[in-house]
Amino acid sequence: MANSSNDYEKHLEAWENHFKALDGNHERWHELTAKELCKLLALSSLGLNGGDWEENASEASDKVGFTGNNVVSCADGTKQVVALIEFTAGDETVVH
């Protein structure tokens, strides 16, 4: 299922907050190149090897809540899903 526009706006805000925090809460994060943003993400992201796609994608999808719309097929043949989990006091867990 594709994101609704409300989901998109919330995701955009969450990613902007994430990049700003990674850049030391400066307002200059939006001036960084994509390569520089990748380097910032690599400092804090949790990388997992999900193993074989055919064997493990369904279970991973059930646990994380992603669908085919969240999967990116890379040139090297791998498939990737990036998730940003935001924790807020008093809110219930919701997958958007």
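**Aromatic rings, cysteines and a helix end**

Mentor: Both Phe 19 and Trp 29 are buried, where buried means under 20% relative accessible area, exposed over 50% and partly exposed in between, with a 1.4 Å probe and protein chains only. This is a predicted model, in which local features need pLDDT of at least 70 and side-chain atom pairs count only at pLDDT 80 or more, while totals for chains, interfaces and linings use all residues. Residues are numbered from 1 along each chain as its sequence is written, and side-chain values use heavy atoms, with hydrogens and water left out.

Trainee: How many aromatic pairs are there?

Mentor: Rings of Phe, Tyr and Trp (its six-membered ring) pair if their centres lie within 6.5 Å; planes under 30 degrees apart count as stacked, over 60 as edge-to-face and the rest as tilted. The count by this rule is 2 aromatic pairs. Trp 15 and Phe 19 form a tilted pair, 5.9 Å centre to centre with 35 degrees between the planes.

Trainee: Where do Trp 15 and Phe 19 lie?

Mentor: Helices are DSSP runs (H or I, at least four residues), numbered from the N terminus. Both residues lie in helix α1 (residues 5–22), 4 residues apart, about one turn of the helix. Phe 19 and Trp 29 form a stacked pair, 6.1 Å centre to centre with 15 degrees between the planes. This pair links distant parts of the chain, with Phe 19 in helix α1 and Trp 29 in the loop between α1 and α2 (34–44), 10 residues apart. Trp 15, Phe 19 and Trp 29 form one aromatic cluster.

Trainee: Why does Trp 15 count as partly exposed?

Mentor: Trp 15 is partly exposed because its relative accessible area is 26%. Phe 19, at 13% relative accessibility, counts as buried.

Trainee: Which charged end sits over the ring of Trp 53?

Mentor: A charge sits over a ring if NZ of Lys or CZ of Arg is within 6 Å of the ring centre and within 35 degrees of the ring normal. Here the charged end of Lys 79 sits over the Trp 53 ring, 5.9 Å from its centre.

Trainee: How many disulfides are there?

Mentor: A disulfide is a covalent bond between the sulfur atoms of two cysteines. The criterion is a pair of cysteine sulfur atoms within 2.5 Å, and the count comes to 0 disulfides. Cys 38 is in no disulfide, as the nearest cysteine sulfur, that of Cys 74, is 11 Å away.

Trainee: What follows helix α3?

Mentor: Gly 65 follows α3, with a positive phi near 95 degrees.

Conventions:
Helix = DSSP H or I, 4+ residues; strand = E, 2+ residues; numbered from the N terminus.
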